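Student: Could you walk me through how to read a ligand site and the pockets of a model?

Tutor: Gladly; let us look at it together.

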Amino acid sequence: MRAGVATPLSLGVLVSGNGSNLQAILDAIGAGRLDARVKIVISNRAEAHALERAARAGVPARAIPHKGYASREEFDRALVAALREAGAEWIVLAGFMRILTREFLDAFPGKIINIHPALLPAFPGVNAIQQALDYGVKVTGCTVHFADPGVDGGKIIAQSAFTVEPGDTHDSLAERMHAAEHRLLVQVLGEIAGGRVVPDVPALASSER
Ligand code: GRF
């Protein structure tokens, strides 16, 4: 235990697609740069490449397709059950394309983080890289923040910024964005594991964290 954090940090990672951020976490753990374990990877899309990345790393992985549930609440209940059963303590939304219900947020109070490819509060939602490019911003970047019931809302934990160069395209920006995301996400998880970032629960006494 360091500053009230059980180590190694037990992570549940929620994904929907490629899983390059998941890969960054797995690589950092594998290289001994991050004191954490991925207890389970869950995708709401069975065909997500992220599931193959998890399997390759020997990490438990499951598809829980949201379409199999009548409501967001029911889907979220299934997610919570699987995450708890696996022993996940902190939840990482790494390209997870579903909005979470209050019920999910309350199941892991202040311990759910999201990565977003823009400097929030600018450009929330989908296609953030293109939104920033279309707007003509000269600086963009990525944000790691606590999840809240909104879309890409919640308290900001860390950001990483870089310059948009003349002639940049979606693809060229996406390449730099992903590199920045991978660094920032691993950095923040290291800060959580080290007790320097604590659960975002203002009412919780520090002795209870
Ligand atoms: C990332 O750009 C992340 O910020 C956004 O979705 C993308 C996921 O990429 N929320 P990957 O699946 O981790 O490669």
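Student: Which helices and strands each supply at least two residues of the shell around the ligand?

Tutor: Helices (H or I, at least four residues) and strands (E, at least two) are DSSP runs, numbered from the N terminus. Here helix 1 (20–30), strand 5 (112–116) and helix 6 (170–193) each supply at least two shell residues. Keep in mind that this is a predicted model, where local features need pLDDT of at least 70, side-chain atom pairs count only at pLDDT 80 or more, and totals for chains, interfaces and linings use all residues. Residues are numbered from 1 along each chain as its sequence is written, and side-chain values use heavy atoms, with hydrogens and water left out.

Student: Which residues are around the ligand?

Tutor: A residue counts as near a molecule if one of its heavy atoms lies within 4 Å of it. That gives Asn18, Gly19, Ser20, Asn21, Gly95, Ile115, His116, Pro117, His178 and Glu181. By class, two are nonpolar, seven polar and one charged; Ala, Val, Leu, Ile, Met, Phe, Trp, Tyr, Cys and Pro count as nonpolar, Asp, Glu, Lys and Arg as charged, and the others, Gly among them, as polar.

Student: Which backbone atoms lie at what distance from ligand oxygen atoms?

Tutor: A polar contact is a pair of N or O atoms within 3.5 Å. A ligand oxygen is 2.7 Å from a polar backbone atom of Gly19, one is 2.8 Å from such an atom of Asn21, and one is 3.5 Å from such an atom of Pro117. The protein covers 84% of the 370 Å² of accessible area that the ligand has on its own, by the Shrake-Rupley method with a 1.4 Å probe.

Student: Where does the ligand sit?

Tutor: On a 1 Å grid over the protein atoms alone, a pocket is an open set of points where a 1.4 Å probe fits, with protein on both sides within 12 Å along at least five of seven lines; lining residues have an atom within 4 Å of a point. A molecule sits in a pocket if more than half of its atoms lie within 2 Å of its grid points. The ligand sits in the largest pocket, whose volume, the space filled by probe spheres set on the points, is about 890 Å³. Its lining has 37 residues, with Gly95, Phe96, Met97, Ile115 and Pro117 nearest the centre. Helix 6 gives the largest share, four residues.

Student: How many residues line the second largest pocket?

Tutor: That pocket, with about 190 Å³ of space, is lined by 16 residues. Helix 4 (residues 102–107) gives the most, three residues.

Student: What should I look for in the backbone?

Tutor: Most residues other than glycine have a negative phi, and most peptide bonds are trans. Here a cis peptide bond joins Leu120 and Pro121, with omega about 10°, and Phe123 has a positive phi of about 55°. Pro121 is in the loop between strand 5 and helix 5, and Phe123 is in the loop between strand 5 and helix 5 too.

How values were computed:
Polar contact = N/O pair within 3.5 Å; in protein donor to acceptor, adjacent residues only side chain to side chain.
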